[in-house]
Amino acid sequence: MVQLPKNFETYAEARKTGFLNMKKLKDEGRRVVGMFCSFVPTELVEAADATTVTLCATSEEPIPAAETKLPRNLCPLIKASYGFALTDTCPYFYFSDFIVGETTCDGKKKMFEMMNEIKETYVMQLPSYRNDMALKAWEHEIEAFWKKLEDFYHITITEEDVKKAIRLKNRERDVMLRFLELGKLNPAPISGYELGTRLDSLGFNPDIEARCRIIEERTAEVLKDWEENYKGKPSRRPRILVTGCPNSGVREKTIKVIEELGADVVAFDCCNGTREKVEKVDENLPVVEALAKKYLNINCSIMSPNTNRMDYIREMIDDYAVDGVLELILTACHTYSIESHYVKKVADEKGIPYLKIETDYSTADSGQINTRLEAFVETMEQ
Ligand code: BJ8
């Protein structure tokens, strides 16, 4: 029987439920690997008959604990994720068999060294550039992670297992992409706030087929409503592209607010948007090469140069008929903050307004953000 944390009784009800659900999964013998980033080739975890849980934390609650060990001037996502590990208050971290990290930004990769003192944290060495040498190095890392999973679980993962997982994950990408692409319709048939929260809520469902079914049903429902009631009646509400860092922890004070102010968030260039989903794993290539190519192409700002991202944003502005770009940067995320220079240039080139908001998980700046969003929406309405 898997044990619960010692201070379990002190937790609030919702957290207790999270722990009990995960405990049930573990008692059934399910393997669980915790992860933090889109660069992790989850197909290998799936091929090991394990489930991945995304541990990127979105709450400010554990940050004071994290700040006893980490510098205060660090991205809230890193501090909160480490804080949950340190305080043993996240069921998904607690029940993960091990953690897989990756060398993306400096803060995260150094935090992983400290996380390893709490729970085994295996780090994939991701190159921060794209060429043949980087591809070879990344193929090597993918093979090493494959072996790590085999050694950790005392299993053999066959090429056929990986191919099957690739097909399944590609299907999931298609389903999620169709859902997110509802934003291309005018009037927008679903709020950006709902798109984001729905996808987040699936993150802890271990069954990929079930996740696909839930999203397919909602996509069909939204589309039916749009065709019956809204088709042919375009809206004048400004259409926003949200880009930048993962935004789940700041969604309430930005995306929700801008929609309440009269705009529609229709497109997401971010890791909880279409970023990882637009390119599938090539099912006709040898599996390691196919995984390496797909994952090295993810247009995160830790890549240098990262012109792919600007090309993608240009495309999205056209495809989703975007009227303004809202860039959400988590405090002290240097790579996205610096790269915002180029994102603004793309918006300028397209002749649409751009707004950059740098914020953390607290609510202290909500009033100020409100005022800036209000002015941004007014600019687009003019
Ligand atoms: S692929 S966006 S999930 S690294 S926001 S921790 S970069 S300081 S989260 Fe990310 Fe992977 Fe890239 Fe996506 Fe660092 Fe920036 Fe914090 Fe970040």
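A helix here is a DSSP run of H or I with at least four residues, numbered from the N terminus. The model is predicted.

Aromatic rings first. A pair of aromatic rings is described by the distance of the centres and the angle of the planes. How many aromatic pairs does the structure hold? There are eight.

Take phenylalanine 19 and phenylalanine 95. Their ring centres are 6.1 Å apart, with 65 degrees between the planes, and the pair is edge-to-face. Phenylalanine 19 belongs to helix α1, residues 13-27, while phenylalanine 95 is in the loop between α5 (91-94) and β3 (98-102), so the pair ties together parts 76 residues apart in sequence. Are these two residues buried or exposed? Phenylalanine 19 has 0% relative accessibility and counts as buried. Phenylalanine 95, at 3%, also counts as buried, because the cut-off is under 20%. Tyr94 comes in as well: ring pairs link Phe19, Tyr94 and Phe95 into a cluster.

Another of the pairs is phenylalanine 36 with phenylalanine 112. Here the centres are 5.5 Å apart and the planes stand at 55 degrees, so this pair is tilted. It links distant parts of the chain: phenylalanine 36 is in the loop between β1 (31-35) and α2 (42-47), and phenylalanine 112 is in helix α6, residues 106-115, which puts them 76 residues apart. Phenylalanine 36 is buried, at 3% relative accessible area. Phenylalanine 112 is buried as well, with 1% relative accessibility.

The charged end of lysine 148 sits over the ring of phenylalanine 98, at 5.2 Å from the ring centre.

Next, the ligand. Which residues come nearest to the ligand? Of the 17 residues around it, the nearest are Cys37, Cys105, Cys271, Cys300 and Cys333. By class, the shell around the ligand is made of 13 nonpolar, two polar and two charged residues.

Last, the cavities. Rolling a probe the size of a water molecule over the atoms shows where empty space is left. Searching the whole structure gives two cavities of 30 Å³ or more.

The largest cavity has a volume of about 60 Å³. Its lining consists of Thr42, Val45, Glu46, Thr51, Thr52, Lys169, Pro206, Ile208 and Arg211. Two or more lining residues come from each of α2, β2 (50-54) and α10 (208-229). Which element gives the largest share of this lining? That is α2, with three residues. The classes divide evenly in the lining of the largest cavity: three nonpolar, three polar and three charged residues.

The second largest cavity holds about 40 Å³ of space. Around this second cavity are Met22, Leu25, Thr51, Thr52, Val53, Gly203, Phe204, Asn205, Pro206 and Arg211. The elements giving two or more residues to the lining of the second largest cavity are α1 and β2. Of these, β2 gives the largest share, three residues. By class, the lining of the second largest cavity has five nonpolar residues, four polar and one charged.

Notes: Residues are numbered from 1 along each chain as its sequence is written. This is a predicted model: local features need pLDDT of at least 70, side-chain atom pairs count only at pLDDT 80 or more; totals for chains, interfaces and linings use all residues. Side-chain values use heavy atoms; hydrogens and water are left out. Rings of Phe, Tyr and Trp (its six-membered ring) pair if their centres lie within 6.5 Å; planes under 30 degrees apart count as stacked, over 60 as edge-to-face and the rest as tilted. Buried means under 20% relative accessible area, exposed over 50%, partly exposed in between (1.4 Å probe, protein chains only). A charge sits over a ring if NZ of Lys or CZ of Arg is within 6 Å of the ring centre and within 35 degrees of the ring normal. A residue is near a molecule or strand if one of its heavy atoms lies within 4 Å of it. Ala, Val, Leu, Ile, Met, Phe, Trp, Tyr, Cys and Pro count as nonpolar, Asp, Glu, Lys and Arg as charged, and the others, Gly among them, as polar. On a 1 Å grid over the protein atoms alone, a cavity is a set of points where a 1.4 Å probe fits but cannot get out, and a pocket is an open set with protein on both sides within 12 Å along at least five of seven lines; lining residues have an atom within 4 Å of a point. Grid points are joined across faces, edges and corners, and a volume is the space filled by probe spheres set on the points.
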